[in-house]
Amino acid sequence: MISDAMKFKAFRISERTFNGKTDYVGEVVDRSIGELPAGEVLIKVHYSSLNYKDSLSAAGNRGITRQYPHTPGIDAAGEVATSSVPKFRAGDSVLVTGYDLGMNTEGGFAEFIRVPSDWVVPIPVGLSVRHAMILGTAGLTAGLCAEKLILNGVSAEQGEVLVTGATGGVGAISVALLAKLGFSVVACTGKLEQESFLRSIGAAKIIDRLTLSEPSSRALQKERWSGAVDVAGGQLLHNILSSIRYGGSVACCGLVDSPAFEASVFPFILRGVNLLGIDSVNLPIEDKTRIWDKFATLWKLPDLERMSCEIGMQDLPSALDAIRNGKAVGRILLEVSRSP
Ligand SMILES: NC(=O)c1ccc[n+]([C@@H]2O[C@H](COP(=O)([O-])OP(=O)(O)OC[C@H]3O[C@@H](n4cnc5c(N)ncnc54)[C@H](OP(=O)(O)O)[C@@H]3O)[C@@H](O)[C@H]2O)c1
């Protein structure tokens with residue numbers, strides 16, 4: 001029986017001031033069920049995962065999280081503990097990604113979350129709770145990118161597709177998924193030493209991020225790729241748009257280089273290039289569910305374990321730093337109840 005007084009572990013970020021300088025410090029603390037926000041579904045979290053946005057929330061980025069102390073974790077998977085709606089029953093395997101989870105609602109870096117029922121996706125048969133979180137928000141985003149590129153006419157027969165931030169979360173799952181779907185994938189990375197990892201998950205070719213970051217004002221460059229998944233923005237996005245083949249598309253989903261980029265209309269009006277926006281956060285739940293169903297069936301990825309490492313809550317500070325500094329490789333899975 002779960003009561004409001006029941007305690008559980010959570011990783012909380014607090015604001016601390018030392019010698020006039022504000023810092024954000026993470027530690028594992030005891031919370032009680034009664035302190036969780038209102039919501040119809042209480043979930044016993046088995047796994048969460050680390051995403052770029054979590055690293056910003058943990059570092060005190062007010063564009064992500066307005067108030068501290070706060071529990072980050074923009075995604076979580078586990079089992080329903082209690083539900084006040086008939087759609088979910090205790091013991092159901094479920095996941096939550098996005099909406100406000102981990103931003104201003106207490107997130108998945110905890111043994112329990114409580115959320116509105118319309119944020120909750122049943123984990124489809126064919127996908128384990130663990131694999132759902134190796135995919136996590138990054139996987140959902142990669143799936144949305146691949147689906148939108150294909151819907152806009154990008155096909156494997158048209159030539160290579162490019163993925164930026166290829167060793168990161170969204171990047172690695174995009175490489176693996178597009179390769180599984182028959183595309184010849186060019187992985188753009190700042191970590192050339194990870195070539196064997198990238199090839200092992202399906203990259204056909206590796207290119208150095210530096211070659212794509214070079215400043216160029218040319219609106220049209222040599223046509224190279226039929227499509228691209230871009231997590232970077234900034235100069236990379238400019239250079240990618242100017243190198244997309246006639247009629248091709250770019251799925252724009254991130255800003256690790258810069259949220260701003262210079263653009264010219266020429267790729268759009270002379271080559272019919274499409275710039276496709278991707279949002280995994282406020283996407284209607286039906287669309288999220290469709291992508292998860294695909295990952296359990298047609299898009300089932302065989303190498304998820306190879307693409308990930310597992311940590312416990314005590315490892316979060318260093319893992320979050322690695323993500324924020326672009327050093328992480330593949331997906332980082334948080335097993336919330338793992339002992340130190
Ligand atoms: N639109 C959405 O719904 C949505 C959902 C999830 C994530 N995102 C966004 O997508 C981006 C990636 O998220 P993630 O969770 O995959 O992060 P991540 O795991 O930290 O991966 C980011 C990767 O980008 C590369 N990178 C780092 N700094 C870079 C720079 N200055 N220029 C170009 N590339 C750089 C690095 O890979 P290499 O060393 O291999 O280049 C890094 O590992 C973030 O901006 C995030 O906010 C958006």
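**Why these labels?**

Colleague: Is tyrosine 99 buried or exposed, and how do you know?

Modeller: Tyrosine 99 has a relative accessible area of 13%. Buried means under 20%, so tyrosine 99 is buried. Bear in mind that this is a predicted model.

Colleague: What about asparagine 19: buried or exposed?

Modeller: Asparagine 19 has a relative accessible area of 83%. The cut-off for exposed is over 50%, so asparagine 19 is exposed. Its phi is positive too, about 45 degrees, although it is not a glycine. You'll find asparagine 19 in the loop between β1 (7–18) and β2.

Colleague: What makes the peptide bond that joins tyrosine 68 and proline 69 cis or trans?

Modeller: Look at omega: about 5 degrees, and the bond is cis. Proline 69 belongs to the loop between α1 and β4 (75–83).

Colleague: On to the charged residues. Is arginine 31 buried or exposed, and how do you know?

Modeller: Its relative accessible area is 10%, and under 20% is what buried takes, so arginine 31 is buried. It is part of strand β2 (residues 21–32).

Colleague: What joins the side chains of arginine 31 and glutamate 106?

Modeller: A polar contact, at 2.5 Å. The limit for such a pair of N or O atoms is within 3.5 Å, so 2.5 Å passes. Arginine 31 also has a side-chain polar contact of 3.4 Å with glutamate 35, and that value falls within 3.5 Å as well. If you leave aside neighbours within four places in sequence, arginine 31 is in contact with Met6, Lys7, Phe8, Ala10, Arg12 and Glu106.

Colleague: How many residues apart in sequence are glutamate 106 and threonine 71, and how far apart in space?

Modeller: They are 35 residues apart in sequence, yet 5.0 Å apart in space, C-alpha to C-alpha. Thr71 is also among the residues in contact with glutamate 106.

Colleague: What makes a nonpolar core a core, and how many residues has the largest one?

Modeller: Its members are buried nonpolar residues joined through side-chain atoms within 4.5 Å. The largest such set has 81 residues, and Leu50, Phe295 and Leu316 have the most contacts inside it. Helix α2 (residues 129–151) gives the largest share, eleven residues. Going back to leucine 316, it touches Phe11, Leu50, Phe109, Ile311 and Leu334, not counting residues up to four places away in sequence.

Colleague: Why is one space called a pocket and another a cavity?

Modeller: It comes down to whether the probe can get out: in a cavity it cannot, whereas a pocket is an open set. The largest pocket has a volume of about 1100 Å³. Its lining has 45 residues, with Tyr52, Val170, Val231, Leu255 and Val256 nearest the centre. By class, that lining has 19 nonpolar, 18 polar and eight charged residues.

Colleague: How many cavities of 30 Å³ or more does the count come to?

Modeller: One. The largest cavity has a volume of about 60 Å³, and the residues lining it include Ala219, His238, Glu262 and Phe268. Helices α6 (234–241) and α7 (266–271) each supply at least two lining residues. By class, the cavity lining has five nonpolar, three polar and one charged residues.

Conventions:
Residues numbered from 1 in each chain as written. Predicted model: local features only at pLDDT ≥ 70, side-chain atom pairs only at ≥ 80, totals over all residues. Heavy atoms only, no water. Buried < 20%, exposed > 50% of the residue type's maximum accessible area, 1.4 Å probe, protein only. Helix = DSSP H or I, 4+ residues; strand = E, 2+ residues; numbered from the N terminus. Contact = heavy atoms within 4.5 Å. Polar contact = N/O pair within 3.5 Å; in protein donor to acceptor, adjacent residues only side chain to side chain. 1 Å grid on protein atoms, 1.4 Å probe; cavity = no way out; pocket = protein on both sides within 12 Å on 5 of 7 lines; lining within 4 Å. Points joined across faces, edges and corners; volume = space filled by probe spheres on them. Nonpolar A, V, L, I, M, F, W, Y, C, P; charged D, E, K, R; others polar.
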